[in-house]
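Student: Please take a close look at the aromatic rings for me. I'd like one connected tour, with the cut-offs spelled out.

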Amino acid sequence: MAQRIVIDPVTRIEGHAKITIQLDDAGEVADAHFHVTQVRGFEKFVEGRPFHEMPSLMARICGICPVSHLVASAKACDELLAVEIPETATKLRQILNLAQMIQSHALSFFYLSSPDLLLGMDEVPEKRSLFGVAEADPVLARDGVRLRQIGQTIIELLGGKRIHPGWVVPGGVNAPLSEDARDAMLAMIPEGLDIARRTLEWYRTVLPYFEDEIATFANVKTLFMGLTNAENTLEFYDGPVRIINGTGEVIADQLSADHYTEFLQEAVEPWSFLKTPFYRPMGYPDGVYRVGPLARLNIVGRCGTPRADEYLGLFREQDTQSSFHYHTARLIEIMYGLEKVGMLLREPDILSKRTRAVAEPNRSWGVGISEAPRGTLLHHYEIDDNGLITRANLIIATGNNNYAMDRGVYEVAKRYVRGGSLNDGMLNRVESIIRAFDPCLSCSTHAVGQMPMQVELLTPNGEVVEVLKR
Amino acid sequence: MTRVVTLKIDDIDATGREDETVLEVALEHGIQIPRLCALEGLTPVGACRLCLVEIEGTGRLLPACTTRVAEGMVVKTNSERLRKYRRMTIEMLFAEGNHVCSVCVVNGRCELQDLAVRLGVDHIRIPYLYPKRAVDASHERFALDPNRCVLCTRCVRVCGEIEGAHTWDLMSRGIDSAVITDLHTPWGESDTCTTCGKCVQVCPTGALFEKGMAVGEMTKRASFLATLAASREDGR
Ligand code: FES
């Protein structure tokens, strides 16, 4: 008899989602979907608010990557002022954005995914957490905690607090960097770099155990999208958009975020509240793309910092289409982030007192784009003559990966799930493909979630035949 | 000649002039009473009811800011009953507007927020009303966010009594009450507003603010008022 398996909610991800797997009469996977089930409506309720509130308001979309929203939002507001912000302010915002990436990547890799990588996909669920990791490999667990702390501490030293700092404002940042804070940050970098290297070396040794997963994990051909710069190196703060195809060919380059509606469009699927953007000239679904660490490392020539570039080979010798390598790319980006923060902190003008441009609104619309840990993030605002928001549109990093996540779930379910002998390891693999993308669903739908896991086996008319609880 | 009276406030022997209010005499003796609408230099109106005190021999609670002292009065300013009512008043103020401190220009420097903290308001037990109120940002330098207005009328009084422009006024009744400029026309179109900014400085919350301020960036300076009022009395 045909059956439906529901994984709800999906565990060890940020936000709330559900997976359904439809089995046919023979117990084989017929179809599977990734459902994002909540809506929060930020775009609507900011209407009528003064645009100066936007960075702080929009940061509330997420408690994990508030800084990403702060940065993209402040950049959109800079555009409304139509000013060039002081160079020091740009550098300080870049450091903040990179620190955010470091802490978020550390959270994703060490807290959420390392249990699968260290203990294996089939480990018992009670062990499959950071606590299980701490038991089996205390150094790895401690490294993860410390790395996240380094990122968070940099954010705190810059913005005054770890979550939702009010320091980034339209026109720049509202306080310059002190010498003490700079030195405190610089002092943490070497330790961070050691951790990054140690982790990459360990990761190199476990990769061979996951050949099968690497081959199946959303190994779909899609386009990749991300920001670039004139040096063709990793870019997190600004720069034109580049899109490449599955074979690495550049199909669009130097795209300006201001004209994003010309090259991006959003599709709506009935199974999810999360919209699916695609590259407009190629239509849907041919034009779907992936963003984030995997996409960024695929579109650039090199990372742009010496240690990260050393490890770029480790990534490039892999099948760079497989979403499993989001993990690989994430570790390399942590290395890059730490190096780049160090470089920026050593810039001669980093302590300059000139960090804010003051102006009245001079334009009626603005688009801010940046790279969040999970990928390209875009905030678009329109204001009336008095500076009140009339329209807001957000394209959230995680949303960009919606299609790839959905298809990834299907591929993995098809490979691992057998109706007759349902077991926990199978279902964990289905979840872990989602974890590879490190989606932040609170951001993308703007929802919060709590995640014990329950799997239900349903008949086609919805009758529950089996419940699997963790 | 004004007489001097003696009274007891919270078991302290106090003296004051008979034309003074309980609030004034209490402050002179170092006793703080929570308040939102009273401000030194402006005529008291008793609008917010946070300064309510117990006076022996009177069944009702009376606002300290508008009640005159009298010989032999026995006043309690901080009983459990008063604290309960004050917390309730603060809760109702929060429930009636849309006070989102985390994105407010005066976050960390707000009189309403301070009072809530001081009085131990950690929950709002009554349902929020979520009124729909539009921001008026038509003025070139200032803006009014009625979502954060507690109807203390300090703006109305400072504009009428000190600046003499009388741009601000109150409109409607009950839950529909609101502060308005001129005859309920956009602030930016006001003929009477002198753009002096006094209303913005005396506003206890983020309802009136300077444009261009991001979250938590605005500090209100109401201290000019007492000096100004005093020098006028002196005829200087
Ligand atoms: S201060 Fe007395 S009623 Fe407001």
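This is a predicted model: local features need pLDDT of at least 70, side-chain atom pairs count only at pLDDT 80 or more; totals for chains, interfaces and linings use all residues.

Tutor: Let's start with Tyr128(B), which counts as partly exposed because its relative accessibility is 38%. Residues are numbered from 1 along each chain as its sequence is written, chains are lettered from A and ligands numbered from 1 in the order written, and side-chain values use heavy atoms, leaving out hydrogens and water.

Now the pairing rule: rings of Phe, Tyr and Trp (its six-membered ring) pair if their centres lie within 6.5 Å, with planes under 30 degrees apart counted as stacked, over 60 as edge-to-face and the rest as tilted. That gives twelve aromatic pairs over all chains. Take Tyr326(A) and Phe437(A): their planes meet at 50° with ring centres 4.9 Å apart, so they're tilted. Tyr326(A) belongs to helix α12 (residues 326–345) of chain A and Phe437(A) to helix α15 (residues 424–437) of chain A, so the pair ties together parts 111 residues apart in sequence. Helices are DSSP runs (H or I, at least four residues), numbered from the N terminus. Tyr326(A) is buried at 0% relative accessibility, and Phe437(A) is buried too, at 2%. Back in chain B, the Tyr128(B) and Tyr130(B) rings have centres 5.6 Å apart and planes at 25°, so that pair is stacked. Elsewhere, ring pairs join Phe109(A), Phe110(A), Trp202(A) and Tyr203(A) in a cluster.

Terms used
Helices (H or I, at least four residues) and strands (E, at least two) are DSSP runs, numbered from the N terminus. Buried means under 20% relative accessible area, exposed over 50%, partly exposed in between (1.4 Å probe, protein chains only).
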